[in-house]
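Dear colleague,

Please find below the structure I promised to hand over. My notes on it follow.

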There are 2 protein chains.
Amino acid sequence: MVEKRIRNMEEFATVSGISRPTLSKYFHDPGSVRATTRERIESALEQYDYRPNIFAINQNRKLTKTIGILVPYLSDPFFAEMVRLIERLCIDAGYWPVVFSAHGETELENNALATLESLRPAGALIAPLGRSSDFEVVERFTEEVPTVVFDSNLEVGKAFVGNDNVQSIGLIVDYLCRTGEPPCFFEMPPVNPNANRRRDTYVQSMERLGHQPQVVSVRGGDWDFERIGLDEGMRLISERALPSDTILCSNDRLAIGLIAAAYQKGLRVGHGPGCALRIAGHDDHPWAQFSCPPLTTVAQDYRAVAERSVEILFKLIDGEDLGEERQMHYFQGRLVLRASA
Amino acid sequence: MVEKRIRNMEEFATVSGISRPTLSKYFHDPGSVRATTRERIESALEQYDYRPNIFAINQNRKLTKTIGILVPYLSDPFFAEMVRLIERLCIDAGYWPVVFSAHGETELENNALATLESLRPAGALIAPLGRSSDFEVVERFTEEVPTVVFDSNLEVGKAFVGNDNVQSIGLIVDYLCRTGEPPCFFEMPPVNPNANRRRDTYVQSMERLGHQPQVVSVRGGDWDFERIGLDEGMRLISERALPSDTILCSNDRLAIGLIAAAYQKGLRVGHGPGCALRIAGHDDHPWAQFSCPPLTTVAQDYRAVAERSVEILFKLIDGEDLGEERQMHYFQGRLVLRASA
DNA sequence: CACTAAACTTTACACCCGTAAATTTTCTGT
DNA sequence: ACAGAAAATTTACGGGTGTAAAGTTTAGTG
């Protein structure tokens, strides 16, 4: 590595003895220049530390290599895991993923979308806040940027990829009814369409099986799900307000909080003899297998959702026609039987 | 909102009746133009949807408003939480945080640093991988970009902010020795300097108190800590290989896995009568309070670390002289007594 | 109303790279 | 060795904004 700092492509052209337009071609696609030229450039790159200025590049390219990823709450292990998978797929495809979190707030989601749009990304993968999203803002964004919506099905963009909540909730309700007392449904005020869909499906599934649906709704409006599960769970147990000894939670985080509540109240959770409660969740969060007892739940197919989302986005970016209809891809949940129910 | 799309600042200058240099000043700092002018600009902004092109802005500014945040593993709840706090502080200060994760891999860390550097950020807050970081790459980065290192004290950059592991481990070792059988130390191959420091401090603390230190090291080299805690915990319990009934884990994630192992082996964890094991952790991870039983641990001061890191970075960015010496800020841990030990 | 400082406008150039067009060099196959 | 193709070079312009310099308008003061 030589002392001299290269400040722009012009200088690098001088020291490498390659013309600037050829260098520009090379940096855009190394395969587009002759092998001998490529070797000369690359040996120069080893001597002089130079990288093209990203801002100047993107200013002129209609199509940047940026892909925006927006999630409602990055500290939620579900989204953390989805982002991890998606990022990897983007990187491996030569894109540059940029992650934004709405931190659960409408205003920050709008900000993130605005910032993202001004980055002129090739495309975006977004999981909207849902209920508290500013619909028109999100819609306008999707009209400007090729976008795949995942997880939370806000009716915008050209495609949606997510979990088939009707199938997955049906699966676990069937299981719970088949193996013990029919479940009640434990939920908090829904933050997105998934939560509503899950509750409605629970009700329908119970009715289909000839049982009386019983929904337990507790307060709490932020993203601190385990806390809500714990606090409200403690209260419900104290007040003996749970209408069934089998509790299906709207999601795993709530279930983990509820399991903690049961533990602290001295109630044994599980399906064996001597157990007072059965608790089941939904999602198969990364932490679900480490609760005590491990959580029976329905696994969302994280990898399938991530892969299909990215796949469709790449098609959109490549200008492939996906037809007039808005595409919807639902992946089936998979029953994960552990000790809690 | 009017139909016509504004394509650049020139056009916006025409429609708003304000000259382009004044607009440029306004977008850089709204307070730098006269109130009447500001009002005219802002009323025009309501009519015409215009935002300056980020790429063109940053191409000319030596100092961008971008702040890079790099963590070793974004799905780790500790880092997810740190990123959440840091992002908020940056946004509130008018900066534009960009988050990168090394996904636990040296190569991706190097990539992220390279990408980040080419963004010409005003500054960066990085938690290096540590042991598997490419020291020279990280060092070179910190020479180019004002950087605050947090959590993992790689000896680079102008400042480090993190937890005082000597104090915090001393605290919990004291507590455990005072209230029951002296602890053994449960660790996996250290991924960063913190893990080493914690083990060494454990050994010293035990010797200081006149006890025989006993370190249980298990294999496992990735970031799947709970899994390691569970699998190796099951093995150790089966083989009766734990040298003490009190186990201090290198971090909370390991402890949560170990608690799950104890539960699955039918061992009661806690400090009451009838308990077979005491298990303690370190960090006060967001999930520590929801384990069964809730985890006794030492809380890192997340907020203090985030705030001090950002504060120092802003000073660095403002060109304040922090002196020749590399600054090191250690925050004290706080004992969090719950039911597990 | 005159004076002054602050704020604004006009003009012009810079930043770094993409890219098109015309020209020259190099490679490929016979 | 030679024609034709492929690839490189030279030249030139454009993109959207920052910013400096010089000139003009505005606001504030007495």
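Which domains does the domain assignment of chain A give? The assignment lists domain 1 (9-52), domain 2 (66-163 + 303-331) and domain 3 (165-299); such bounds come from an automatic or database domain assignment. Taken over C-alpha atoms, the centres of domain 1 of chain A and domain 3 of chain A are separated by 60 Å.

Some conventions apply. This is a predicted model, in which local features need pLDDT of at least 70 and side-chain atom pairs count only at pLDDT 80 or more, while totals for chains, interfaces and linings use all residues. Residues are numbered from 1 along each chain as its sequence is written, chains are lettered from A and ligands numbered from 1 in the order in which they are written, and side-chain values use heavy atoms, with hydrogens and water left out.

**Relation of the chains**

**DNA strand D**

There are 25 residues around DNA strand D, and A:Ser19, B:Met9, B:Ser24, B:Tyr50 and B:Asn60 come nearest; a residue is near a strand if one of its heavy atoms lies within 4 Å of it.

Phosphate oxygens of DNA strand D lie 2.4 Å from a backbone N or O atom of B:Met9, 2.4 Å from a polar side-chain atom of B:Ser24 and 2.8 Å from a polar backbone atom of B:Asn53. H2 and H4 of chain A, together with helix H2 (20-28) and helix H4 (54-60) of chain B, each give two or more residues to the surface near DNA strand D. Helices are DSSP runs (H or I, at least four residues), numbered from the N terminus. The largest share of this surface, four residues, comes from H4(B).

The surface near DNA strand D divides into eight nonpolar, eleven polar and six charged residues. Here Ala, Val, Leu, Ile, Met, Phe, Trp, Tyr, Cys and Pro count as nonpolar, Asp, Glu, Lys and Arg as charged, and the others, Gly among them, as polar.

With kind regards

Conventions
A polar contact is a pair of N or O atoms within 3.5 Å; within protein, one must be able to donate a hydrogen and the other to accept it, and residues adjacent in sequence count only if both atoms are side-chain atoms.
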